[in-house]
Amino acid sequence: MCDPSRRQFLRSGGLIGLIGLAGCTSVPFVGTLGFRLRNYTDEAYEARIEIRVTGRSDFEKTYDLPSASGADPYVHTESTAISNVPKGMSYTVSLFLDGTEVETLTATMDCVGRDKQQIEEEIDINIGFGGNDTVKMADSQC
């Protein structure tokens with residue numbers, strides 16, 4: 001038979017453990033993935049963005065991308081393309097212009113728990129920055 005003081009000790013230890021774990025639920029382990037698509041060129045495009053997480057297409061959308069207005073690029077922001085992406089998960093972003101794949105980026109979700117005014121994990125997609133034939137993609141660094 002078990003000693004009553006031992007039972008009380010084990011019960012107290014279990015309760016303390018549960019209280020300690022309860023605080024862990026607010027630690028961010030997942031985040032949102034978004035992007036900014038900028039066109040610096042004087043050409044309009046049909047731009048398709050595809051984002052793959054764990055090998056499957058989780059986001060795919062086509063945009064009619066107008067040309068830049070003078071020195072100001074046309075900017076389209078998608079702040080929550082994918083929600084609940086686990087920290088440390090790899091993802092791939094592909095850009096297609098007028099039906100042709102022109103750039104692909106593979107990165108790791110590492111920005112979670114940021115200010116809600118910001119995109120947590122942001123992918124910058126720049127068309128024509130530094131010259132009409134250039135396409136550059138980069139993910140945010142936390």
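The structure is a predicted model. On its surface, D42, E43, E46, D64, D98 and D133 form a patch of negative charge. The residues treated individually are D133, found in a loop, P66, also found in a loop, and T32, found in a strand.

**Negative patch and D133**

- The patch of negative charge on the surface brings together D42, E43, E46, D64, D98 and D133.
- D133, one of the patch members, sits in the loop that links β7 (121-127) and β8 (135-139).
- The relative accessibility of D133 is 79%, so this residue is classed as exposed, the cut-off being over 50%.

- P66 belongs to the loop between β3 (56-65) and β4 (74-86).
- P66 counts as partly exposed because its relative accessibility is 33%, a value between the limits of 20% and 50%.
- When residues up to four places away in sequence are left aside, P66 is in contact with N39, E43, A44 and Y74.
- One of these contacts, E43, is 23 residues from P66 along the chain, and the two C-alpha atoms are 7.2 Å apart.
- E43 is also a member of the negative patch.

**T32 in strand β1**

- T32 is located in strand β1, which covers residues 30-39.
- With a relative accessibility of 17%, T32 is counted as buried, because the cut-off for that class is under 20%.
- Beyond residues up to four places away in sequence, T32 touches S79, T80, I82, S83, M109, E120 and E121.

Notes: Residues are numbered from 1 along each chain as its sequence is written. This is a predicted model: local features need pLDDT of at least 70, side-chain atom pairs count only at pLDDT 80 or more; totals for chains, interfaces and linings use all residues. Side-chain values use heavy atoms; hydrogens and water are left out. Patches are made of residues with over 30% relative accessible area and no salt bridge: like charges are joined within 9 Å, nonpolar side chains (Val, Leu, Ile, Met, Phe, Trp, Tyr) within 5 Å. Accessible areas come from the Shrake-Rupley method with a 1.4 Å probe; for residues, only the protein chains shown count as cover. A salt bridge is a side-chain nitrogen of Lys or Arg within 4 Å of a carboxyl oxygen of Asp or Glu. Lys and Arg count as positive and Asp and Glu as negative; His and the chain ends are not counted. The place of a charge is taken as NZ of Lys, CZ of Arg, CG of Asp or CD of Glu. Helices (H or I, at least four residues) and strands (E, at least two) are DSSP runs, numbered from the N terminus. Buried means under 20% relative accessible area, exposed over 50%, partly exposed in between (1.4 Å probe, protein chains only). Contact means heavy atoms within 4.5 Å.
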